Amino acid sequence: MTSDGTRHIARCVGNGNWVVSWLPGRTLSAPQAVTAMTIASAVATGGADGAGELDAAAAELGLTGREAVFLVAVEDHDYQTQRPRPRR
């Protein structure tokens with residue numbers, strides 16, 4: 001799952017489980033992954049309609065709005081580009 005508004009991505013890892021680039025180490029349901037991508041896009045584009053909306057969405061992931069904004073910013077890597085494999 002990708003978004004035009006952010007470089008963050010979500011990937012299905014099977015059995016209805018998803019991982020999201022700004023939440024490393026966590027496995028989410030499909031609806032939670034959509035919420036996570038919505039948050040990442042809103043943070044990247046300034047599209048959140050206030051702290052209350054962001055807090056409500058982040059609460060679905062067990063986070064506060066501030067925590068979500070911080071994690072989106074800290075984990076802001078370009079996940080969509082291929083990294084060269086190390087030479088052996």
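The legends below describe an overview and several close-up views of one predicted protein model.

In this predicted model, local features need pLDDT of at least 70 and side-chain atom pairs count only at pLDDT 80 or more, whereas totals for chains, interfaces and linings use all residues. Residues are numbered from 1 along each chain as its sequence is written, and side-chain values use heavy atoms, with hydrogens and water left out.

**View 1. Overview of the protein chain, with three helices and two strands.**
Read along the sequence, the elements follow the order β-β-α-α-α, where helices (H or I, at least four residues) and strands (E, at least two) are DSSP runs numbered from the N terminus. Of the 88 residues in the protein chain, 31% are buried; buried means under 20% relative accessible area, exposed means over 50%, and partly exposed lies in between, with a 1.4 Å probe and protein chains only. The protein chain exposes about 5800 Å², of which carbon and sulfur atoms supply 51%, the areas coming from the Shrake-Rupley method with a 1.4 Å probe and, for residues, with only the protein chains shown counting as cover. Contact here means heavy atoms within 4.5 Å, and among contacts between residues at least 6 apart in sequence, 50% join residues at least 24 apart.

**View 2. The crossing of helix α1 (residues 30-45) and helix α3 (residues 65-74).**
Two packed helices are described by the angle between their axes and the distance between the axes. The axes of α1 and α3 come within 10 Å and cross at roughly 75 degrees; axes are lines fitted to C-alpha atoms, for helices over the stretch in contact, and angles run from 0 to 180 degrees between N-to-C directions. The two helices α1 and α3 are therefore roughly perpendicular to each other, since angles under 35 degrees count as roughly parallel, over 145 as roughly antiparallel, 65 to 115 as roughly perpendicular and the rest as oblique. From α1 the contact is made by I39, A40 and V43, and from α3 by A68, V69 and V72. These residues divide into six nonpolar, no polar and no charged, where Ala, Val, Leu, Ile, Met, Phe, Trp, Tyr, Cys and Pro count as nonpolar, Asp, Glu, Lys and Arg as charged, and the others, Gly among them, as polar.

H8 is buried, with a relative accessible area of 1%. The side chain of H8 makes a polar contact with the side chain of S21 at 2.7 Å, and the side chain of H8 also reaches the backbone oxygen of V72 at 3.1 Å. A polar contact is a pair of N or O atoms within 3.5 Å; within protein, one must be able to donate a hydrogen and the other to accept it, and residues adjacent in sequence count only if both atoms are side-chain atoms.

**View 3. E75, in the segment after α3, and the residues around it.**
Not counting residues up to four places away in sequence, E75 touches H8, S21, W22 and P24. The C-alpha atoms of E75 and L23 are separated by 7.9 Å, although these residues are 52 residues apart along the chain, and those of P24 and E75, 51 residues apart, are separated by 8.5 Å. P24 itself lies in the loop between β2 (17-20) and α1, and at 54% relative accessibility P24 counts as exposed.

**View 4. T35 and A42, two positions in helix α1.**
T35 is buried, with a relative accessible area of 11%, and the side chain of T35 makes a polar contact with the side chain of E60 at 3.1 Å. Leaving aside neighbours within four places in sequence, T35 is in contact with A57, E60 and L61. A42 is buried as well, with a relative accessible area of 15%, and the C-alpha atoms of A42 and T6, which are 36 residues apart in sequence, lie 8.5 Å apart in space.

**View 5. L54 in helix α2 (residues 51-59).**
L54 is buried, with a relative accessible area of 12%. The C-alpha atoms of L54 and G65, eleven residues apart along the chain, are separated by 5.2 Å.

**View 6. N15 in the loop between β1 and β2.**
N15 is exposed, with a relative accessible area of 80%. Most residues other than glycine have a negative phi. Phi of N15, however, is near 55 degrees, a positive value in a residue other than glycine.
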